[in-house]
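Trainee: I have a chain to study today. Could we go through it together, one topic at a time?

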Amino acid sequence: MQKPFEELTFSDDWMFQKVLHDPEICAELVERLLHINVGHVEYPELEKVIEPFYTSKGVRLDVYLKDSDKVIDIELQSYPMEALGKRIRYYESMLNMDSLMKGQDYTLLKDSYIVFICTHNPFKDENENCYELPCYTFRNICEENNAVDLNDKSFKVIYNANAYEKAEDKKIRELLRFIHTQEPGEDAFNKRLFKHVEKIKENEKFRSEYAAMNLHDQDIIRAAKKETAVENAVTAVRSFNVAPEVAAQKMNAPLDLVLERLKTEQKKQE
């Protein structure tokens, strides 16, 4: 169930995207998280969907921005995620695909940064114990000699807001604390983020947009439930010889869709 508009915070995905659509705030956040200078900020498309081929799995990015020499994807992860590493690997491949035009040389690839801000501990050991580091930075280096750097200009940084107290950098610690507690404290940047959130919540246009998004999501969920019900009913008919009318009723599926699906499958077998 979607959170009421009035209760949204910076740590909610939708609000996170809206706040970071302010170029100055976005640049300052990136500079704080990655310790790099950000010049020109370009939004190819907020919450951009990258689909290089119609058969591929599209990637919907939270905040995807470009600088003169780098591409950066910032994601807010407010719930535990399986296969985080593989997800990041796929995101990175799509960023590379999107940033290098056909025919261009590989040397023109921009530096790539993927940043995940997690509100839960993202990594556990084999005994399911959390490592509880405030930050995990990954680069490609040589296992045989760590001094050998692949130098592919690819960086993955995962922050753990749950372990904000362990962050040595004060600015990082305060930012993660804000994300974890929603209390801006005395940090000037956190106060700006908090005020921006409150300003957005006062905007009726954003309220309507959020409501429309919720309705769209609900439509998708209902469609998915209907599709699952139809599939279950068809399985009951074909595998257990249940009458279509009975299967549709038991699975709460529209009878006409069940009959249509059975008819389509029958034609494929003929």
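Trainee: How many residues does α2 have, and what distance does α2 reach from its first C-alpha to its last?

Mentor: Some background comes before the answer. This is a predicted model, in which local features need pLDDT of at least 70 and side-chain atom pairs count only at pLDDT 80 or more, while totals for chains, interfaces and linings use all residues. Residues are numbered from 1 along each chain as its sequence is written, and side-chain values use heavy atoms, with hydrogens and water left out. As for α2, the helix has 12 residues and reaches 16 Å, close to the 16 Å expected at 1.5 Å a residue. The expected span is 1.5 Å times one less than the number of residues. Helices (H or I, at least four residues) and strands (E, at least two) are DSSP runs, numbered from the N terminus.

Trainee: Which residue caps the N-terminal end of α2?

Mentor: D22 does, with a side-chain oxygen 3.0 Å from the backbone nitrogen of E24. After α2 comes H35, which has a positive phi near 60°.

Trainee: And which residues of α2 are buried?

Mentor: They are I25, C26, A27, L29, V30, R32, L33 and L34. Buried means under 20% relative accessible area, exposed over 50%, and partly exposed in between (1.4 Å probe, protein chains only).

Trainee: Which residues touch the most other members of the largest nonpolar core?

Mentor: F16 and I74 do, in a core of 43 residues. α2 gives the most to this core, with 7 residues. A nonpolar core is a set of buried Ala, Val, Leu, Ile, Met, Phe, Trp, Tyr and Cys residues joined through side-chain atoms within 4.5 Å.

Trainee: What is F16 in contact with, leaving aside its neighbours within four places in sequence?

Mentor: F16 is in contact with F10, L29, V63, I74, E75, L76 and I117. Contact means heavy atoms within 4.5 Å. Apart from this core lies another, of 12 residues, including Y64 and M81.

Trainee: A change of topic: how many disulfides does a search of the whole structure find?

Mentor: The search finds 0 disulfides, a disulfide being a pair of cysteine sulfur atoms within 2.5 Å.

Trainee: Is C118 buried or exposed?

Mentor: C118 counts as buried because its relative accessibility is 5%. C130, at 29%, is partly exposed.

Trainee: Lastly, how many helices and strands does the chain have?

Mentor: The chain has 8 helices and 7 strands. Of its 270 residues, 39% count as buried.

How values were computed: A polar contact is a pair of N or O atoms within 3.5 Å; within protein, one must be able to donate a hydrogen and the other to accept it, and residues adjacent in sequence count only if both atoms are side-chain atoms.
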